[in-house]
Amino acid sequence: MAYISNCKLCNDKNVELRGSHIVPEFLYKNVYTSKHKFMPIEANETGGKVQQKGFRENLLCQGCETKLSLWERELSLFIRFLSGEKSKVLSLTDLKGNSLVSYINYDLVKKALMSILWRMSISTLPFFSDYNIELYEEKIRNWLDEGLSFNAQDFPILISKGYISGSFQAGLLMPLSQGSYGDDITMESVVLNGIIFDFLLTDGNEIPTEVELFGLHPQGTVIVRNKEYSEYGIDLSLFSSRVKDKDVLDFFSKYD
Ligand SMILES: [Zn+2]
């Protein structure tokens with residue numbers, strides 16, 4: 001049945017809204033709820049189970065959906081490359097244990113990531129209840145609606161690969177609680193297909209030198225760090241002990 005309301009992105013009135021994914025469909029393989037509960041939800045081929053669990057929400061008109069999907073296609077190539085898939089465009093150079101990735105379509109990848117952050121923030125679904133970008137919400141909406149480009153100082157994004165006991169965990173989708181970078185920069189983070197994205201909530205100001213160096217850069221580069229979830233400051237004591245459980249190991253091994 002058609003759902004008629006106002007599009008949350010372009011603000012068009014009384015339009016048919018799609019059942020929009022908060023996080024793009026290609027990222028739903030293994031879904032883990034964060035923090036206190038540890039509950040894997042496997043998405044099947046068509047995403048059926050995920051839909052039943054309510055990872056969609058009536059947010060966007062078809063025009064906005066189409067626009068976001070163009071950005072997401074580029075993000076998909078990038079994330080798959082980080083997870084080990086070959087690419088004719090992207091390249092990877094080892095840099096003292098970290099990886100320098102080059103030839104990223106910065107403009108589209110950053111827009112896709114910012115749109116995910118924005119959707120997680122406006123979502124009313126319990127899964128994304130930790131996300132709140134408050135005063136930036138309307139600004140980012142407008143930016144995305146106008147299709148304006150973000151530069152390096154606008155909401156810098158740091159990228160890491162998440163490891164548990166030395167092995168990369170691909171396919172993991174997990175919301176993370178709000179944190180901070182240094183003393184005064186609020187940070188939102190999310191794990192998408194095992195890749196940890198840190199969004200620094202600061203726009204147009206000077207950013208720390210290392211953030212400029214490591215973060216997703218308009219020249220199409222990023223330095224991806226390898227991080228154990230434990231060193232990341234996420235309390236994974238429950239997570240770690242659960243990971244040793246047989247059902248969880250089975251779950252991971254299926255997707256390795
Ligand atoms: Zn719209």
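A residue is called buried when its relative accessible area is under 20%, exposed when that area is over 50%, and partly exposed in between, with a 1.4 Å probe and protein chains only. By this criterion Cys-10 and Cys-61 are buried. The structure is a predicted model, in which local features need pLDDT of at least 70 and side-chain atom pairs count only at pLDDT 80 or more, whereas totals for chains, interfaces and linings use all residues. Residues are numbered from 1 along each chain as its sequence is written, and side-chain values use heavy atoms, with hydrogens and water left out.

The chain has 256 residues, 50% of which are buried. Seven helices and 14 strands are present; these are DSSP runs (helices H or I, at least four residues; strands E, at least two), numbered from the N terminus. Among the contacts (heavy atoms within 4.5 Å) with a separation of 6 or more, 70% are accounted for by residues 24 or more positions apart. The accessible surface of the chain is about 12500 Å², and carbon and sulfur atoms contribute 49% of that area. Areas were calculated by the Shrake-Rupley method with a 1.4 Å probe, and for residues only the protein chains shown count as cover.

A zinc ion is coordinated by the SG atoms of Cys-7, Cys-10, Cys-61 and Cys-64, at 2.3 Å. Donors are N, O and S atoms within 2.8 Å of the metal (3.2 Å for Na, K and Ca); water is not among the atoms, so sites may look incomplete. The donor residues follow the spacing C-x2-C-x50-C-x2-C in sequence. Distant parts of the chain are linked by the pair Cys-10 and Cys-61, which are 51 residues apart. Cys-10 is in the loop between strand E1 (3-5) and strand E2 (15-21), and Cys-61 is in the loop between strand E5 (56-60) and helix H2 (62-82). The arrangement around the zinc ion is tetrahedral because the four donor atoms subtend angles of 105 to 117°. Four donors count as tetrahedral if all angles lie between 85 and 135 degrees. The ideal angle for four tetrahedral donors is 109.5 degrees.

Cys-10 is also among the residues touched by Arg-141, together with Lys-8, Leu-9, Asn-11 and Trp-118, when residues up to four places away in sequence are not counted. Arg-141 is placed in helix H4 (residues 137-146) and is buried, with a relative accessible area of 8%. The side chains of Arg-141 and Glu-138 are joined by a polar contact of 2.9 Å. A polar contact is a pair of N or O atoms within 3.5 Å; within protein, one must be able to donate a hydrogen and the other to accept it, and residues adjacent in sequence count only if both atoms are side-chain atoms.

The largest nonpolar core contains 60 residues, of which Phe-78, Phe-128, Ile-159, Leu-192 and Phe-197 touch the most other members. Helix H3 (residues 106-122) gives the most to this core, with 10 residues. A nonpolar core is a set of buried Ala, Val, Leu, Ile, Met, Phe, Trp, Tyr and Cys residues joined through side-chain atoms within 4.5 Å. Beyond four places in sequence, the residues touched by Phe-197 include Phe-78, Leu-113, Ile-159 and Leu-192. A second, separate core of seven residues includes Met-174, Leu-176, Ile-196 and Tyr-229.

Ser-121 lies in helix H3 and is buried, at 9% relative accessible area. Not counting residues up to four places away in sequence, Ser-121 touches Tyr-131, Asn-132, Ile-133 and Glu-137. The C-alpha atoms of Ser-121 and Glu-137 are separated by 7.6 Å, at a distance of 16 residues along the chain. Ser-99, in strand E7 (residues 98-102), is buried at 14% relative accessibility.

The loop between H3 and H4 contains Leu-125, which is buried at 13% relative accessibility. Leu-125 and Arg-56 are 69 residues apart in sequence and 8.4 Å apart in space, C-alpha to C-alpha. Glu-134 lies in the loop between H3 and H4, is exposed at 53% relative accessible area, and has a positive phi of about 40°. Tyr-103, in the loop between E7 and H3, is exposed at 58% relative accessibility and has a positive phi near 65°. Most residues other than glycine have a negative phi.

Key. Four donors count as tetrahedral if all angles lie between 85 and 135 degrees; four count as square planar and six as octahedral if opposite donors are over 155 degrees apart and all others between 65 and 115; anything else is irregular.
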